[in-house]
Amino acid sequence: QGIQDQLGSLQLDQQGNNPKKSYAFWETQPVAQFNEEAGSSTSVADGPIDATKTVADVRQEPYNLPDSFVWSTCDVNDTKTVEEVYQLLTMNYVEDDEAMFRFNYSQEFLQWALQPPGYQEDWVLGVRVSSSGKLVAFITGVPATVRVKGKEVSMVEINFLCVHKKLRSKRLAPVLIKEITRRVNLRGIWQAAYTAGVVLPKPVATAQYWHRSLNPKKLISVGFSRLAPRMTLARTLKLFKLPEEPQTPGLRPLTKQDVPQVTELLREYLSTYELAPVFTEEEVLHYLMPVEGVIETHVVEGKDGKLTDMLSFYTLPSTVIGNPTYKTLNAAFMYYTVAKETPLHQLMTDALILASTGGHDVFNALDIFENAKFLKDLKFGIGDGRLRYYLYNWRVKQELEAAQVGLVLL
Ligand SMILES: CCCCCCCCCCCCCC(=O)SCCNC(=O)CCNC(=O)[C@H](O)C(C)(C)COP(=O)(O)OP(=O)(O)OC[C@H]1O[C@@H](n2cnc3c(N)ncnc32)[C@H](O)[C@@H]1OP(=O)(O)O
Ligand SMILES: CNCCCN(C)c1ncc(F)c(N2CC(C(=O)NCc3cnc4ccccn34)C2)n1
């Protein structure tokens with residue numbers, strides 16, 4: 001109860017935001033602030049926050065790092081480099097609040113996520129110790145066209161911000177953020193999209209994680225789930241049991257030849273969301289072609305080779321911190337799904353079956369898209385994590401509902 005009282009006195013708002021907190025760095029950035037008068041933002045139209053700049057206005061030299069550190073762009077195609085990036089993240093990236101789990105993005109996943117069409121190597125940005133060459137911090141940007149409330153904006157998606165645990169709370173993160181902003185600006189891009197579990201100025205949307213047990217025995221053993229009151233393990237296994245095979249006729253893995261039809265299917269569906277990517281065929285090919293242990297995409301082929309639906313999920317395991325029996329939690333994360341002719345519940349049940357037979361222990365989904373329609377029926381449980389969506393240098397008058405979001409960052 002003590003915690004609740006403290007939180008109560010913290011005056012958190014409905015989305016868990018704390019408008020009273022000061023943000024020494026973020027208050028200097030072109031992002032909407034918590035203390036803005038409601039009036040001012042409602043009158044101002046959606047659009048850039050900063051005055052329009054040109055590449056000529058951008059600082060030419062890199063930002064200064066503390067002594068003994070140097071900038072280092074990372075070529076994730078280089079085996080040694082992607083191994084160094086993997087090691088930094090697997091030991092120092094996002095953990096849950098109780099430090100029971102830490103994301104364990106694989107090297108293949110990183111190579112996939114960081115090399116979409118149009119990627120720039122100098123946006124895969126590391127910080128190394130000058131003497132030893134040890135990689136101790138990281139941040140990445142990849143190009144994307146994002147439509148925000150009807151306006152298509154050329155952006156970067158920022159991700160994998162990480163500072164080694166031994167170098168925390170030294171204000172390194174703001175330097176990483178300013179430097180990648182500078183590098184992106186030098187290429188004439190002035191906006192970014194990013195997500196985080198933490199509250200920053202100022203979410204454009206707040207989504208909630210939901211989890212569907214696939215291997216309840218293991219989830220209970222690693223402390224991810226608890227046996228529900230008055231439930232036995234046998235009853236729990238029965239509750240979450242799934243068929244061995246998907247049920248939708250014509251469901252099959254995506255192939256290269258499907259890309260034109262899938263691009264059309266996705267573009268049409270994503271156009272119904274206020275915040276969503278605008279995918280080219282090359283991007284669909286990159287992001288949705290199956291990669292073993294990374295991304296899985298299936299399509300529903302109807303009559304005359306017509307593709308009517310698609311589903312996809314990515315594999316993001318977590319290290320189980322300090323558990324002698326289980327080292328890894330195998331999680332599948334819902335990616336892009338279009339249920340045009342197949343009922344959504346049926347298509348998502350097939351996604352659960354594919355993830356389960358593919359060795360995943362849990363299937364995670366946010367309450368974005370139309371997901372709220374199936375989460376409870378398909379036995380998802382609400383999670384502890386919220387994911388906040390942010391835009392850099394783009395004001396959105398009215399915070400979006402999760403159901404208006406059609407964008408998934410990795
Ligand atoms: C046009 C192009 C623009 C491109 C850029 C667009 C913006 C992109 C923004 C980045 C999108 C990233 C998307 C993802 O990858 S989200 C995943 C972030 N990574 C992790 O959570 C991994 C584990 N944690 C760490 O590695 C460190 O704690 C990090 C590196 C997160 C902070 O390091 P550290 O703990 O040593 O702190 P500090 O002393 O250096 O700095 C403290 C300042 O940093 C602000 N802070 C803390 N966490 C975050 C966060 N997740 N996004 C943005 N800002 C954050 C914090 O409010 C404070 O500022 P202020 O409160 O004083 O104002
Ligand atoms: C910028 N990229 C955003 C995506 C990074 N992603 C996947 C992420 N960002 C914040 C979260 F809150 C979160 N959650 C998934 C839910 C979950 O699975 N919670 C239990 C759990 C298992 N393993 C871990 C590892 C770290 C944190 C929680 N963990 C909560 N996911």
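How many helices and strands are there in the chain? In this predicted model, the chain has 10 helices and 17 strands.

**View 1. The overall fold of the chain and its dimensions.** With its 10 helices and 17 strands, the chain has a radius of gyration of 22 Å, close to the 22 Å that the globule rule gives for 410 residues, and it is therefore as compact as a globular protein of that length. Taken along the principal axes, the box filled by the C-alpha atoms is roughly 60 × 55 × 50 Å.

**View 2. The largest nonpolar core of the chain.** This core has 77 residues, and those with the most contacts inside it are Trp-112, Leu-275, Tyr-314, Tyr-335, Tyr-336 and Tyr-389. Apart from it lies another core, of 33 residues, which includes Ile-139, Val-163, Val-175 and Leu-200.

**View 3. The surroundings of Tyr-389.** When neighbours within four places in sequence are left aside, Tyr-389 is in contact with Tyr-194, Thr-195, Pro-203, Val-204, Ala-205 and Ala-207, as well as with Leu-275, Leu-366, Ile-368, Val-405, Leu-407 and Val-408. Of these partners, Leu-275 is also listed with Tyr-389 among the residues with the most contacts inside the 77-residue core.

**View 4. The surface and the charged side chains.** Of the 410 residues, 52% count as buried, while the accessible surface of the chain comes to about 19400 Å², with 52% of that area belonging to carbon and sulfur atoms. The chain carries 43 positive and 47 negative side chains, and the centres of these two sets lie 6 Å apart.

Key
Residues are numbered from 1 along each chain as its sequence is written. Chains are lettered from A and ligands numbered from 1 in the order in which they are written. This is a predicted model: local features need pLDDT of at least 70, side-chain atom pairs count only at pLDDT 80 or more; totals for chains, interfaces and linings use all residues. Side-chain values use heavy atoms; hydrogens and water are left out. A nonpolar core is a set of buried Ala, Val, Leu, Ile, Met, Phe, Trp, Tyr and Cys residues joined through side-chain atoms within 4.5 Å. Buried means under 20% relative accessible area, exposed over 50%, partly exposed in between (1.4 Å probe, protein chains only). Contact means heavy atoms within 4.5 Å. Helices (H or I, at least four residues) and strands (E, at least two) are DSSP runs, numbered from the N terminus. The radius of gyration is taken over C-alpha atoms; the globule rule is 2.2 Å times the number of residues to the power 0.38. Accessible areas come from the Shrake-Rupley method with a 1.4 Å probe; for residues, only the protein chains shown count as cover. Lys and Arg count as positive and Asp and Glu as negative; His and the chain ends are not counted. The place of a charge is taken as NZ of Lys, CZ of Arg, CG of Asp or CD of Glu.
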